[in-house]
Amino acid sequence: MDLETLLSYHWSIMTPEFIILGFATLLSLLDLFMPRKINRRILGWLALTGILAATISVFTLLGSAPESILYDTFRLDSFAIAFKLLLLIGAALVMMLAVSYEPRERIDEYRGEFYYLFLAGLLGALIMSSSGDLITLFIGLELLSLSSYILAGIRKKHLPSNESAMKYVINGGISTAITLFGMSYVYGISGTTNLKEMAAFLPTITNNQHLYLLALAFFMILIGLSFKIAAAPFHMWAPDVYEGAPLPVTAFLSVVSKTAGFIIILRILLSIFFNVPDQTGTTSLMLSLQDYLAVIAGATMIIGNVIALRQKNIKRMFAYSSIAHAGYLLVAVTAMSPFLVETTWFYLGAYLFMTLGVFAIIQIVTASADSESINEFGGLYRRSPFLAVSMSILLLSLAGIPGTAGFIGKLNIFMGALATDPAHYILASLLIATTVISYIYYFGVMVQIFFRQAESTKKFPLSPVVGIVIIICVAATVILGIFPNIAFDFLHEQFSSFKDFIQ
Amino acid sequence: MMENAWIIPLFPLLSFLFLIVFGKRLRAVSAYIGIFLTFASFIISLLVLIARFGSPTYKAEGIWLTIGDYQLTAGYEVNQLNALMLVIVSLVSFLVHMYSKGYMHGDGRISVFYAYLGLFTFAMLGLVLSPNLLQTYIFWELVGLGSFLLIGFYFYKEEAKAAAKKAFIMTRIGDVGLFIGMILLFWQVGSFEYDEIFAAVSAGMISEQMITLIALLIFIGAVGKSGQFPLHTWLPDAMEGPTPVSALIHAATMVAAGVYLVASMFPLFAASETAMMTIAIIGAFTAIFAASIGIVQKDIKRVLAYSTVSQLGFMMLALGSAGYVAGVFHLMTHAFFKALLFLAAGSVIHAVHTQDIEKMGGLWKKLRVTGPLFLIGTLAISGVPLLSGFFSKDEILVSTWVHGHTFLFWLAVVAAFFTAFYMFRLFFMVFTGEARGKTANVKESPGVMVIPMLILAVLAIGAGYVNTPWFGTFLGDWLTEGNQALGHGHVEGPAWIMVVATAVSLLGILLAWLMYGKKTIARDWFSAGVPTVYGILANKYYIDEFYKMTIVKGTTAFSRILHFIEVIVVEGIMKMVAGIISGLSKLGSRFQSGQVQTYGTVAFLGLAILVIFFAVTGGYLK
């Protein structure tokens with residue numbers, strides 16, 4: 001590649017990535033050279049500025065025609081833009097939580113790293129959303145994973161945090177190995193790592209042996225990636241890691257990292273396995289393996305919701321809840337309805353707001369009590385009506401009660417599962433049944449909030465930044481619940497139903 | 001201005017949300033927030049009404065949800081009827097908010113009270129603005145919730161709790177009818193939009209029997225909400241709520257929602273002769289039936305409650321007799337004079353701390369403001385000439401006569417006589433004669449309570465002049481403008497009707513005066529003369545007992561059987577399901593050992609199982 005071709009690329013489509021990369025670099029340099037006594041919190045604000053700048057740049061890219069550079073390894077299409085928005089909004093909210101995060105033993109020494117590792121992770125996720133090649137996809141994935149491993153253990157003098165990082169890195173290693181093994185099959189058969197070329201080549205395969213290998217690759221990639229979204233059977237790390245990791249990191253894992261996981265799953269499934277014919281040649285491999293996906297989705301919903309019932313630690317409970325939500329999303333992926341991408345996008349958006357709002361409230365309540373027991377929510381209504389009402393709205397949304405974004409999201413998934421041919425009745429009923437089970441633990445928290453006595457009457461030190469996060473999340477949850485068409489109209493206008501996904 | 005009408009319900013909603021969150025800290029200040037926000041609602045409602053005079057109906061809506069091929073919309077509409085209702089609701093609500101400042105003074109849960117009032121007002125205004133049946137239904141239920149919360153406001157009183165429950169359940173029976181009617185309508189028309197429903201009706205898309213069925217089902221909803229026979233029994237019990245609540249919800253606004261529903265779906269009802277006839281008969285019957293009970297009640301609020309039931313019957317009678325204008329007109333005047341009567345009654349209760357009229361008497365001299373105001377309300381409801389009730393009641397009688405319901409007409413005349421009689425019985429027993437209770441400490445209510453009553457009194461006198469046979473039927477012409485289906489703005493009737501109406505009302509007053517004022521006729525000539533009839537009336541026709549004996553007993557017996565099934569079968573299954581779930585949960589948590597090697601193993605096993613299963617079923621190992 002000579003300089004001329006290099007310069008001829010439309011680098012502008014990478015603006016969001018460049019901004020995040022620039023800020024991450026700037027932050028690490030500042031952290032190195034700033035005098036020790038200066039509080040590193042200012043770096044957090046700088047990081048937030050970077051994320052907001054990147055968000056604005058994504059908006060300026062809205063409506064541009066799909067384009068790819070660097071030999072089709074990086075492509076910007078409506079899918080990429082839509083999901084980048086989710087990632088950036090989620091990361092911005094997480095960053096606001098991180099700025100006001102203050103663990104008991106203090107992390108002043110590593111506070112700088114804390115912030116730029118978030119940016120590095122975010123950069124990985126952004127690259128994933130725009131990847132047109134297995135290699136960039138994998139590099140994005142690893143960038144996100146490696147940053148997350150360190151983030152989970154950022155409280156170096158806190159034993160659970162260390163344990164959590166350790167477990168995360170070991171499990172992550174296993175999952176990466178499995179994913180890569182699966183990808184290597186795909187490469188071996190198609191002879192290319194480029195998704196576009198694969199999409200062109202794969203439909204022409206007629207050799208049954210090759211198709212069989214591709215099916216094995218499908219399973220391996222799926223299982224490997226189920227780690228990222230905390231779905232069965234690779235979900236078991238989640239409760240331990242969520243519990244031990246610092247709260248903003250937990251929030252990051254359950255929102256940004258999970259969104260990235262779904263991005264890569266959709267990319268790979270839709271551009272690779274959707275194009276592989278099955279043995280009979282009548283349908284695609286992906287659709288003929290739907291039942292397996294359904295089993296994974298069902299198991300994930302059951303495991304997440306059922307085990308959540310027994311949890312006493314609030315972060316652990318939400319780890320299982322996050323597993324359950326991954327299960328709901330997998331129902332949409334299984335059904336492969338024509339609105340798959342819209343449904344997933346909306347649900348992840350709704351999930352982003354309700355989960356981050358909940359984590360913001362958990363951060364306030366647990367920090368003040370220095371305990372993560374669900375009992376700390378006892379009598380919250382008396383101690384802080386604002387937190388109590390916000391928490392209730394978010395919980396109602398997580399439970400999928402009408403009038404909230406969670407309900408609309410679940411309704412879409414439900415309708416999608418029934419609208420396809422053949423309809424997935426069992427999966428849809430399982431979705432409803434497990435949702436009912438989830439009422440028990442969500443409402444259990446609400447019972448604590450409203451009907452239990454508070455152990456102390458102390459007020460909470462509510463920092464304005466966290467307050468803003470809560471308000472944004474609650475407002476978005478309610479507005480998207482009552483006027484879901486705001487989001488859908490935006491999708492239709494800006495992304496015209498993701499028609500340019502694989503072209 | 002009309003495009004901003006959506007703001008109107010948001011003020012009370014804001015009041016509700018704000019007071020629920022911050023009410024505890026604000027305490028008595030809550031009242032000012034509630035008053036201020038409802039006042040804002042009222043001002044905008046007034047501007048919207050004025051704007052509506054000069055411009056056509058405004059409607060704005062957007063798609064709320066798309067399910068398959070159907071699109072559910074949400075939005076708001078300002079037509080003549082809504083615009084008028086907006087002003088009535090927001091005005092009465094504002095006055096009641098203000099009045100409650102004095103009435104509820106010193107109550108520890110005053111912020112909760114104002115929060116509930118805000119919720120109710122929001123729901124009622126939302127109901128009025130709804131452009132489609134689904135939205136109406138949502139707010140209809142929300143209004144019921146507000147009413148439930150406020151009736152049960154003194155939840156530590158057993159009666160209040162029971163009354164709240166009764167109101168909720170009785171109205172719910174009606175709502176089931178409404179719901180089924182609504183679904184049938186959607187099935188037939190494919191839309192909840194009023195416009196499209198009416199268009200479908202006038203285009204003959206729905207068969208006549210179907211229209212009748214739907215109209216009757218929807219009317220059942222209205223019967224429940226508006227306390228019509230036979231679902232009226234909750235309304236007198238609802239008087240357990242604080243008196244300002246009775247004025248707002250159970251006199252002026254919510255109970256009128258049934259009438260409003262029939263009025264706003266008038267073209268549908270008008271398409272079915274049977275439905276119209278049913279409405280007229282139920283209305284007339286309720287009017288005379290409740291009025292006769294009102295004659296013997298001893299609780300000041302219960303008299304007013306039965307009077308409300310009876311007056312709502314008048315409105316239904318008007319609507320059933322194609323008297324759209326008469327029904328809506330009476331709804332308006334009734335809202336003003338009945339709210340006035342309730343607030344004045346509240347002022348009396350506030351002063352003497354009892355609701356038993358046997359223990360009152362001679363209060364005219366003590367309550368120099370409340371007394372005359374109560375008298376104005378009484379004169380208005382009795383249909384004494386020149387006050388608002390006279391004109392609207394006359395309009396109802398004329399419509400009934402012109403429509404050819406001769407028998408119902410005479411029933412209504414008798415009911416009007418009863419009305420004048422029991423209202424003046426109430427007035428004479430409370431305000432004249434010897435004091436029968438302790439009246440030493442009786443003091444007039446404070447200004448915040450008096451001013452709302454004064455405003456309502458002015459309206460109770462003057463509101464009738466917007467639609468009179470003498471000075472022009474302005475209201476009627478405006479209400480029916482541009483809509484043929486609603487009938488004519490004014491119905492010409494024979495002049496003697498007005499004379500008869502005046503005569504019966506004066507006759508009723510005279511009889512009441514002879515019995516309770518001058519006492520030339522012994523008070524007990526009726527109860528002593530025909531004790532059976534008196535007993536029946538005093539026991540409200542034994543309707544409650546009848547329900548207890550039949551429906552409640554029957555339901556109880558039925559529920560015993562169900563209970564048996566429940567314990568053995570359902571609970572067995574439930575326990576099994578719960579057991580399985582909690583067993584799974586326990587098992588799952590045990591798996592979660594904290595050992596990272598287990599986690600990896602599980603993932604591998606999962607992968608292995610999938611692959612083996614695929615190999616077996618995928619056709620390669622066959």
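Colleague: What should I know before I look?

Modeller: The model is predicted, so local features need pLDDT of at least 70 and side-chain atom pairs count only at pLDDT 80 or more, while totals for chains, interfaces and linings use all residues. Residues are numbered from 1 along each chain as its sequence is written, and chains are lettered from A and ligands numbered from 1 in the order in which they are written.

Colleague: How many helices and strands in chain B?

Modeller: Chain B has 25 helices and two strands. Helices (H or I, at least four residues) and strands (E, at least two) are DSSP runs, numbered from the N terminus.

Colleague: And how much of chain B is buried?

Modeller: 53% of its 622 residues. Buried means that 20 or more other C-beta atoms, placed from the backbone, lie within 10 Å of the residue's own.

Colleague: Is α16(B) buried or exposed?

Modeller: 11 of the 13 residues of α16(B) are buried, so it is largely enclosed by the rest of the structure. Among the buried ones are L373(B), F374(B), I376(B) and L379(B).

Colleague: What covers them?

Modeller: The cover includes α14, α15, α17, α18, α19 and α21 of chain B.

Colleague: How do α16(B) and α18(B) pack?

Modeller: Residues 370-382 form α16(B) and residues 406-431 form α18(B); they pack at about 170°, with axes 9 Å apart. The axes are lines fitted to C-alpha atoms over the stretch in contact, and angles run from 0 to 180 degrees between N-to-C directions. The two helices are therefore roughly antiparallel, a label for angles over 145 degrees.

Colleague: Which residues meet there?

Modeller: From α16(B), they include F374(B), L375(B) and I381(B); from α18(B), they include M423(B), F424(B) and F427(B). Contact means C-beta atoms, placed from the backbone, within 7 Å. By class, the residues there are eight nonpolar, four polar and no charged. Nonpolar covers Ala, Val, Leu, Ile, Met, Phe, Trp, Tyr, Cys and Pro; charged covers Asp, Glu, Lys and Arg; the others, Gly among them, are polar.

Colleague: What comes just after α16(B)?

Modeller: G383(B), with a positive phi of about 80°.

Colleague: Switching topic: how many residues of chain A are in contact with chain B?

Modeller: 30 residues of chain A, in contact with 28 residues of chain B. α9(A) gives the most to the chain A side, with six residues. That side has 24 nonpolar, three polar and three charged residues.

How values were computed. Contact = placed C-beta atoms within 7 Å. Parallel < 35°, antiparallel > 145°, perpendicular 65-115°, else oblique. Buried ≥ 20, exposed ≤ 12 C-beta atoms within 10 Å, placed from the backbone.
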